[in-house]
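Q: Could we go through this structure together? I would like to discuss its pocket and its helix packing.

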Amino acid sequence: MAHVAEWKKDEVKEIANLIDSYEVIGVVDLLNIPARQLQEMRKSLTGDALIRLSKINLINLALEDCNKNKENLINLSEHLSGQPALIFTNMNPFRLFKILEDNKTNAPAKAGSVAKDDIVVPKGDTGFEPGPFLGELQQIGANAKIDQGKIVVDKDAVVVEAGEVVSQQVASVLTRLEIKPMEVGIDLHAVYEDGAVYTSDVLAIDEEETIAKVQDAFNKAFNISVFANIPTKDTIATIIQTAHSKASNVAVEAGIVNSKTTDIILSLANAKMLALAGALSADALDSELSEKLSNAASAAPVAVANDAEEEVEEEVEEEEDSEEEAAAGLGALFG
């Protein structure tokens with residue numbers, strides 16, 4: 001039986017202890033990250049997350065040892081690649097992913113690196129005077145020419161397509177143009193939480209789009225609840241306001257006089273009287289009615305309309321407050 005170095009046993013034990021101590025365990029790739037930038041990223045995560053770099057086989061052993069206590073943890077092994085490390089935290093996996101993405105910085109392209117997205121030399125003045133650099137631009141596929149004593153690019157040119165390897169020649173030209181098409185940062189491949197493993201494509205959600213969808217769903221549910229008269233803490237006020245408005249309308253239409261409807265009924269009656277008077281000839285009206293008719297024939301209906309508008313505005317304000325609360329709750333997931 002082959003002898004296993006003591007330091008390897010200690011390393012597996014330490015990783016296993018970390019796994020048992022945290023709720024969320026992620027797999028990250030530290031390949032091609034300069035030591036200085038990695039140090040800065042680790043510092044930015046202090047208090048929120050801990051990164052542990054180790055050998056793949058030792059990480060796998062630790063995952064196997066802890067799988068009995070954390071079901072499906074071993075599935076993280078499928079995502080170990082490049083220069084793998086484990087990241088330990090108790091924060092929400094989506095928030096962890098967002099923090100790591102936000103901490104990424106732009107970097108120059110290096111020969112031999114693979115482009116994640118198309119690398120483009122943009123249209124415009126390069127700032128270079130005529131010389132050998134013109135030929136270098138043309139050789140990598142940029143439509144460059146001389147214009148007013150400067151080297152300019154006629155239109156945006158894709159010099160490396162996504163998935164292709166960056167050549168030394170392209171890397172040199174991009175560096176001279178101060179184009180930094182590469183991202184340097186910690187790539188989170190997968191995260192384990194409470195028996196589930198979330199991959200990067202699941203974690204990489206559009207925050208604004210997601211909040212908009214939740215708000216839309218909330219609005220639809222709110223409306224259904226109001227129209228179906230299903231009271232909840234969010235809809236009860238609007239349901240009561242709507243019922244009050246309908247009851248007031250019925251009372252006014254039926255001519256039922258009470259403390260809430262008297263002014264409205266009298267205003268409507270006055271408006272109808274003035275409308276009828278307006279249809280008569282001037283000779284048929286006395287002086288008092290003629291004066292009222294000339295002053296404000298439409299005053300009463302306007303007052304009624306304003307009351308209705310105020311009720312609608314109150315309902316809208318209630319809905320907006322509820323929407324803001326929903327958005328704030330979801331925003332806490334990513335903040």
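Q: Which element gives the most to the lining of the largest pocket?
A: In this predicted model, strand 10 gives the most to that lining, with 3 residues.

Q: How much space lies in the largest pocket?
A: The space in the largest pocket is about 690 Å³.

Q: And which lining residues are the closest to its centre?
A: The largest pocket is lined by 26 residues, and those closest to its centre are Asn32, Val114, Lys116, Met182 and Glu183.

Q: Which elements give two or more residues to the lining of the largest pocket?
A: Those are strand 10, residues 182-184, and strand 11, residues 187-193.

Q: How does the lining of the largest pocket divide by class?
A: The lining has 13 nonpolar, 5 polar and 8 charged residues.

Q: Turning to the helices, what describes a packed pair?
A: Two values are used: the angle between the two axes and the distance between them.

Q: At what angle do helix 1 and helix 3 pack, then?
A: Helix 1, residues 6-21, packs against helix 3, residues 56-66, at an angle of about 50°, and their axes are 9 Å apart. The two helices are therefore oblique to each other.

Q: Is the crossing of helix 1 and helix 3 right-handed or left-handed?
A: Helix 1 and helix 3 cross in a right-handed sense.

Q: Which residues make that contact?
A: Helix 1 contributes Trp7, Lys8, Glu11, Val12, Ile15, Ala16, Ile19 and Asp20. From helix 3 come Leu58, Ile59, Leu61, Ala62, Leu63, Asp65 and Cys66. By class, the contact of helix 1 with helix 3 has 11 nonpolar and 4 charged residues, with no polar ones.

Q: What about helix 5 and helix 6, at what angle do they cross?
A: Helix 5, residues 132-139, and helix 6, residues 168-176, cross at roughly 125°, and their axes come within 10 Å. That angle makes helix 5 oblique to helix 6. Helix 5 passes helix 6 in a left-handed crossing.

Q: Which residues of helix 5 and helix 6 meet?
A: Phe133, Glu136, Leu137 and Gln139 of helix 5 meet Gln169, Val173 and Arg176 of helix 6. The residues of this contact are 3 nonpolar, 2 polar and 2 charged.

Q: Last pair: how do helix 8 and helix 9 cross?
A: The axes of helix 8, residues 207-227, and helix 9, residues 236-254, cross at roughly 45° and come within 9 Å. Helix 8 and helix 9 are therefore oblique to each other, and their crossing is right-handed.

Q: Which residues make the contact there, and how do they divide by class?
A: Phe222, Ser225 and Val226 of helix 8 make the contact with Thr238, Ile239 and Thr242 of helix 9. By class, the contact of helix 8 with helix 9 has 3 nonpolar and 3 polar residues, and no charged residues.

Methods. Residues are numbered from 1 along each chain as its sequence is written. This is a predicted model: local features need pLDDT of at least 70, side-chain atom pairs count only at pLDDT 80 or more; totals for chains, interfaces and linings use all residues. Side-chain values use heavy atoms; hydrogens and water are left out. Axes are lines fitted to C-alpha atoms, for helices over the stretch in contact, and angles run from 0 to 180 degrees between N-to-C directions. Helices (H or I, at least four residues) and strands (E, at least two) are DSSP runs, numbered from the N terminus. Angles under 35 degrees count as roughly parallel, over 145 as roughly antiparallel, 65 to 115 as roughly perpendicular and the rest as oblique. A crossing is left-handed if the near helix is turned anticlockwise from the far one by less than a right angle, and right-handed if clockwise. Contact means heavy atoms within 4.5 Å. Ala, Val, Leu, Ile, Met, Phe, Trp, Tyr, Cys and Pro count as nonpolar, Asp, Glu, Lys and Arg as charged, and the others, Gly among them, as polar. On a 1 Å grid over the protein atoms alone, a cavity is a set of points where a 1.4 Å probe fits but cannot get out, and a pocket is an open set with protein on both sides within 12 Å along at least five of seven lines; lining residues have an atom within 4 Å of a point. Grid points are joined across faces, edges and corners, and a volume is the space filled by probe spheres set on the points.
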